[in-house]
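Me: Please examine the following model with me, one feature at a time. I would like the criteria stated alongside the values.

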Amino acid sequence: MFSVTMQPLLASLFDETERRPISVSELTTQIRAALEHRFMGVWVEGEVSNFRAHNSGHWYFTLKDEFAQVRAACYRSSNQRIRFRLEDGMQVRARGRLSVYEPKGEYQLIADSLEPVGAGALQLAFEQTKARLQAEGLFAAELKRVIPMFPRRVAVVTSANGAAIRDILNVLKRRTRTVHILLASARVQGEDAKHEIVRAIKSLNEHHARALSAGRHDETIDVMIVGRGGGSIEDLWAFNEEVVARAIRNSAIPVISAVGHETDFTIADFVADRREPTPSAAAETVAAHEQELCARLASLTATLARSIQYRIAGARNHVQELALSNAFDAVAARVHDALTATGAADYRLQTALREAMESAHRRLNAAAHSLSPAQLRSTVKAARTRFDSLAMSRDAAMLGRLNATRQKFAMAAASLDAMSPLKVLERGYAIAHDERGSVVRDLNNIAVGDELHVRLWKGALDCRVEKIQE
């Protein structure tokens with residue numbers, strides 16, 4: 001048994017072919033060929049450590065478990081298709097082939113695809129990008145700009161053949177005629193979609209800047225809608241790309257993100273100035289609904305008219321209340337008494353004068369019958385002289401009575417003016433009204449905190465009762 005076992009070994013010692021040595025390079029090449037042939041495609045699961053992203057774009061890292069480790073590399077041509085970013089401590093499942101790094105004689109895994117263990121690759125990439133941009137402050141509320149209420153020109157970044165642009169145009173056609181659309185067509189799905197979206201956003205901003213610098217304000221853009229219709233997370237992924245998020249944040253034009261349906265959220269939604277669940281909702285936001293605006297104006301007009309009518313009714317009630325107050329009644333009574341007394345005095349004066357004239361005529365007639373012509377002429381002359389004197393006395397008496405009556409009337413008018421509420425207000429007094437418009441005459445009807453309207457000689461005050469003093 002010993003001789004049989006040892007025979008191949010002893011034979012190899014004297015075999016010239018077996019004894020010929022090979023170089024280290026040849027040995028390494030043979031090992032590499034054997035490994036690559038045996039492990040052309042293999043899945044390896046482990047924890048990432050020593051991750052390093054080289055300037056060339058290649059990724060280098062180590063996959064390990066509790067008993068062993070293997071070096072790994074993922075070249076740029078492969079990692080460009082990987083959505084998430086590797087981190088130390090991440091559990092991943094790598095697919096690739098085994099090879100040998102000949103300068104060091106170390107075998108390594110050349111990975112062409114990576115998947116995170118647990119969460120999906122796209123979901124993990126979404127969370128990583130969101131956390132990184134949020135840490136930079138790109139989602140800060142103070143960076144959000146106000147969307148114009150009545151924009152004139154609206155730019156849309158979406159596919160020219162998609163349902164999103166049709167929905168936007170239908171909504172704007174139905175709701176307004178004042179908004180003009182400027183379409184920047186871009187693919188919204190696929191590998192090159194992110195670059196086309198970024199180019200469209202930059203192109204619109206350059207157009208806006210040229211219009212501003214040239215003073216063509218009718219060509220400027222008031223707001224931009226960036227979006228597309230619904231789809232899977234893969235379909236919407238272009239709007240989760242970091243370059244798209246930064247282009248939206250750097251836009252000088254306010255941006256509305258309108259991607260997918262109500263349940264879809266993308267990175268563009270967080271970085272945009274406003275998020276709308278659908279393209280149709282974004283169009284409704286930028287469109288001024290003319291019927292709603294007219295209805296609102298009509299409602300405000302009716303409210304203003306009711307307010308004016310209420311103020312007029314309140315002022316009319318206030319004037320009526322002042323006119324029916326006791327002060328006005330007393331003044332009116334005194335004026336009436338003065339006018340009555342003046343009328344009575346005038347009537348007595350006219351009666352006395354008429355009786356005096358009639359008596360004089362009777363005496364004159366009697367004297368004319370009893371006197372001779374000479375005596376009559378003398379008597380008539382004397383009577384005429386006396387009549388003229390009496391006439392002068394009458395005129396003087398009437399003038400005196402009229403002057404006295406005018407003085408009494410002037411005194412009555414002065415008394416009326418002195419007792420006028422406006423004259424009282426001119427001397428520094430005021431009239432207070434409660435919230436119902438009634439005149440405040442008693443402290444028992446007022447409580448602390450009540451609103452009062454105080455009428456002054458010139459103007460009025462709206463006051464609040466802070467303290468009541470007996």
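Reply: A polar contact is a pair of N or O atoms within 3.5 Å; within protein, one must be able to donate a hydrogen and the other to accept it, and residues adjacent in sequence count only if both atoms are side-chain atoms. This is a predicted model, in which local features need pLDDT of at least 70 and side-chain atom pairs count only at pLDDT 80 or more, while totals for chains, interfaces and linings use all residues. Residues are numbered from 1 along each chain as its sequence is written, and side-chain values use heavy atoms, with hydrogens and water left out.

Me: With which side chain does the side chain of Ser251 make a polar contact?
Reply: Ser251 is placed in the loop between α8 (242–249) and β9 (255–259); helices (H or I, at least four residues) and strands (E, at least two) are DSSP runs, numbered from the N terminus. Its relative accessibility is 3%, so Ser251 counts as buried, where buried means under 20% relative accessible area, exposed over 50%, and partly exposed in between (1.4 Å probe, protein chains only). Contact means heavy atoms within 4.5 Å, and beyond four places in sequence Ser251 is in contact with Arg145, Ile201, Asn205 and Met224. The polar contact, at 3.1 Å, is with the side chain of Asn205.

Me: What is the average pLDDT of the protein, and over which residues is the pLDDT below 50?
Reply: pLDDT is the predictor's confidence in each residue, from 0 to 100. The protein averages 83, and 90% of the residues score at least 70. The stretch with pLDDT below 50 has zero contacts in the model beyond near neighbours in sequence, and it covers residues 1–5.

Me: How many salt bridges are there, and which residue does Glu45 pair with?
Reply: A salt bridge is a side-chain nitrogen of Lys or Arg within 4 Å of a carboxyl oxygen of Asp or Glu, and the count by this rule is 17. For Glu45, the closest N and O atoms of the pair are 3.4 Å apart, and the partner is Arg93. The two lie 48 residues apart, Glu45 in strand β1 (residues 42–53) and Arg93 in strand β4 (residues 91–101). Glu45 is partly exposed at 45% relative accessibility, and the corresponding value for partly exposed Arg93 is 30%.

Me: Which parts of the chain are tied together by Arg132 and Glu242?
Reply: The two side chains form a salt bridge with an N to O distance of 2.9 Å. Both residues are partly exposed, Arg132 at 32% and Glu242 at 24%. Arg132 and Glu242 also belong to a salt-bridge network with Glu136 and Arg246. Because Arg132 lies in helix α5 (residues 121–136) and Glu242 in helix α8, the pair ties together parts 110 residues apart in sequence: helices α5 and α8.

Me: Is Asp273 buried or exposed?
Reply: Asp273 meets Arg145 in a salt bridge (2.9 Å, N to O). The pair spans 128 residues, with Asp273 in the loop between α9 (267–271) and β10 (274–275), and Arg145 in the loop between α5 and β6 (153–158). Arg145 is partly exposed at 26% relative accessibility. Asp273 has a relative accessibility of 10% and therefore counts as buried.

Me: Which residue stands opposite Thr62 in β3?
Reply: Two strands pair if DSSP finds at least two bridges between them. Five bridges join β1 to strand β2 (residues 59–64) in antiparallel fashion, and Ser49 has Thr62 as its bridge partner in β2. Strand β2 is also antiparallel to strand β3 (residues 69–74), through six bridges. In β3, the residue opposite Thr62 is Arg71.

Me: What distance separates the C-alpha atoms of Leu138 and Ala245?
Reply: Leu138 is in the loop between α5 and β6, and it is buried, with a relative accessible area of 11%. Beyond four places in sequence, Leu138 touches residues including Arg246, Arg249 and Val271. Leu138 and Ala245 are 107 residues apart along the chain, and their C-alpha atoms are separated by 8.6 Å.
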